[in-house]
Amino acid sequence: MTLRRLPFSPWHLVLAPLALLFAAPLIWLFLTSFMSNAQINQFPPTIIPDALHLTGYDYVLSNGLFPRWFLNSAIVSAAAVASNLVLCSLAAYAFARMRFRGSNVVFGLMLTTLVIPFQLTMIPTFLIMKELGLIDSLGALIVPGLVSAFGIFLLRQFFVSLPRELEEAARIDGCSRLTVLVKIVLPLARPALTTLAVLTFLTVWNDLTWPLIAISSDENYTLQLGLTTFQGQHRTEWAAVMAGDVLTTLPVLIAFLLAQRTFIQSLTSSAVKG
Amino acid sequence: MAAAAPVAPPARRAAAAPAPSWRRRVFGEHPSAWLFILPSTLLILGFNFLPMAWAFLLSLQRSDLVTPAEWIGLDNYRALLRDPTFGDAVQHTLVYTALFVPLSVIGGLAIALMLNRRIRFIGVYRTLVFVPFIMSAAAQGVLFSFILDPQYGLANAALDGVGIARQGFLQDPGQALYVLVGIGLWGGLGFCVIVFLAALQDIPRELLEAASIDGARRWATLRKIVLPSLRPVTIFLLVWQTFQALQLFDLVYATSRGGPLGATTVVVYYVYEQAFQFFHAGYGSAAAYVLALAIFALGGTQLAVRALRRRRAVA
């Protein structure tokens, strides 16, 4: 076999093009965001920016509502992450360690909600938010996502796997349940909490359906909603659209790369073992 | 379900504390637990079961959310059966699902098998394959609208380069749905890959080593040991990807908005149009229920299969 004589594994010959196939659209996105509109409209297209043009970024950041949308997305995501960390921890700890009437029934009901598709509940959720006077405000985007059944499930699985001894010792020393949770359990549960935070951030930041339904005035748009509208209105401003696309994706990319190892491990372990 | 079993306080403890408080008797050993779960319970059940029941009531009404609703029984469902646009939407959803699910699961398995080896840069390869998954459907849609733009797009320029006729892609009614499958695969394969990779790394080394001592050929090891141990995870992925495919919406909204000529109007897009553009809340709810029933049936089947397998494993 001639392949054997290669100075590297022959698998690179398959895997490198494959990985490039997945990466190419993203690389292209990144490159075009630094081109001028003139270069983008050239035919045939060129791959490398002829100079480092920041006109696209300049356009989205100085014109229109783009920075506002970015801020809206950040507020909604931060609220969802903070509230999920608190509420899911509390509930998951109760389900993992405390015995109380109805725990199995409530936990079971929560798990069943995981198969309820959003498009079934979105029309009444819109009506509920309208009754609460929250429609077309960031509140409408925050309230339904304050806590998630999957988050509770994820944390409960993790809490159950922790050794009980430390907690019991603290209980004997007279610590309340809440103190035990905050002082002992949560510091041990850092990987699970990181995963929950990243997952919540990704879901909320990336969502398009619910903001599309709940928000009508453009100053309350999230980034995803703004981006799709922006693209419709600025068909010829490709550099700006691509710059907007980069700015929309960058936060989740950073969050993912920072937490990659923990995130993939806990996500897959709940799929593989759950 | 053994719902009641762990709840009763142990008898010994009841004897030690002569008069267990009424609260303990009503709420169980740790009544304060309810304070821990109350906010989550109200929010999760309130934003799921209440809307679910409400949607069902809406589906029995003629309702535009403004004028008073009128009860019309199952008329909305009957009308759906005769509505050719809804029929098309169901068909588009089924075509998308029938392509996306097997391609993403089989493709994910193939890629995971290739990535399951210790060579240089393997971490980079894995990350690159997975990264599109974290990009939002909106951002993916905007990016691919650009790449696939019939006039300016890179895709047609590449086709020109190799002498193939230019394509309409998302603007060609005959292609748009298949193009969406392609974009969906680009963004969704990574998830299948990492789940399969995790499962592959869970296969005990001894099992594979034993096979290689027996002189089993690679293909035989794959068929007799690797694939069978991946069965649970494959079933999970098949169900999960089907859920995703049936609920396709964001990508459609960000690229083709159901067009051209309705070619990519999938069921959820149809629900969205009916409810939030034509204000047919009752009719839209009925359409949503039809899809939801399909999803519940699928989820129920999976749970039943799982329970059956567990029982067999115990026996």
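## Basis of the model

Residues are numbered from 1 along each chain as its sequence is written, and chains are lettered from A in the order in which they are written. Because the model is predicted, local features need pLDDT of at least 70 and side-chain atom pairs count only at pLDDT 80 or more, while totals for chains, interfaces and linings use all residues.

## Annotated regions

An unreviewed UniProt entry assigns "domain: ABC transmembrane type-1" to residues 70-259 of chain A. UniProt positions follow the numbering used here, feature names are shortened, and annotations may be inferred rather than shown by experiment. In the model, residues 70-259 of chain A are 77% helix and 0% strand, with the end C-alpha atoms 22 Å apart. Helices (H or I, at least four residues) and strands (E, at least two) are DSSP runs, numbered from the N terminus. For chain B, the annotation "domain: ABC transmembrane type-1", also from an unreviewed UniProt entry, covers residues 90-304. That span of chain B is 76% helix and 0% strand, and its end C-alpha atoms are 26 Å apart.

UniProt (unreviewed entry) also places the feature "transmembrane region" in chain A, at residues 69-93, 105-129, 141-159, 180-202 and 238-259. Residues 69-93 of chain A are 100% helix and 0% strand, with end C-alpha atoms 36 Å apart. Residues 238-259 of chain A are likewise 100% helix and 0% strand, and their end C-alpha atoms are 32 Å apart.

A:Ala79 belongs to helix H4 (residues 66-97) of chain A. A residue is buried if 20 or more other C-beta atoms lie within 10 Å of its own, exposed if 12 or fewer, and partly exposed in between, with C-beta atoms placed from the backbone. A:Ala79 is partly exposed because 18 other C-beta atoms lie within 10 Å. A:Ala79 and A:Ala23 are 56 residues apart in sequence and 32 Å apart in space, C-alpha to C-alpha.

A:Arg261 is located in helix H14 (residues 238-272) of chain A. With 11 other C-beta atoms within 10 Å, A:Arg261 is exposed. Between A:Arg261 and A:Thr195 there are 66 residues in sequence and 9.6 Å in space, C-alpha to C-alpha.

## Interface and nonpolar core

The contact between the chains takes 78 residues from chain B and 71 residues from chain A. Two residues are in contact if their C-beta atoms, placed from the backbone, lie within 7 Å. The side of chain B that touches chain A has 61 nonpolar, 12 polar and 5 charged residues. In this classification, Ala, Val, Leu, Ile, Met, Phe, Trp, Tyr, Cys and Pro count as nonpolar, Asp, Glu, Lys and Arg as charged, and the others, Gly among them, as polar.

The largest nonpolar core has 159 residues, of which A:Ala91, A:Leu155, B:Val193, B:Phe196 and B:Ala287 touch the most other members. Helix H10 (residues 176-202) of chain B supplies the largest share of this core, 16 residues. Such a core is a set of buried Ala, Val, Leu, Ile, Met, Phe, Trp, Tyr and Cys residues joined through C-beta atoms within 7 Å. Leaving aside neighbours within four places in sequence, A:Leu155 is in contact with A:Cys88, A:Ser89, A:Ala92, A:Ala189, A:Ala192 and A:Leu196.

## Helices of chain B

Helix H5 (residues 75-82) and helix H16 (residues 281-314) of chain B pack at an angle of about 70°, with their axes 9 Å apart. H5(B) is therefore roughly perpendicular to H16(B), a term for angles of 65 to 115 degrees. Axes are lines fitted to C-alpha atoms, for helices over the stretch in contact, and angles run from 0 to 180 degrees between N-to-C directions. H5(B) contributes B:Asn76, B:Tyr77, B:Ala79 and B:Leu80 to the contact, and H16(B) contributes B:Gly282, B:Tyr283, B:Ala286, B:Ala287 and B:Val290. These residues divide into 7 nonpolar, 2 polar and no charged.

Helix H8 (residues 137-147) of chain B is largely enclosed by the rest of the structure, because 11 of its 11 residues are buried. Among them are B:Gln140, B:Phe144 and B:Ile147.

## Loop backbone in chain B

A cis peptide bond, with omega about -10°, joins B:Gly259 and B:Pro260. B:Pro260 is in the loop between helix H14 (250-255) and helix H15 (267-277) of chain B. B:Leu261 is also placed in the loop between H14 and H15 of chain B, and its phi is near 55°, a positive value in a residue other than glycine. B:Leu261 is exposed, with 11 other C-beta atoms within 10 Å.

B:Phe121 lies in the loop between helix H6 (84-115) and helix H7 (122-134) of chain B. Its phi is near 65°, again a positive value in a residue other than glycine. B:Phe121 counts as partly exposed, with 15 C-beta neighbours inside 10 Å.

Notes: Angles under 35 degrees count as roughly parallel, over 145 as roughly antiparallel, 65 to 115 as roughly perpendicular and the rest as oblique.
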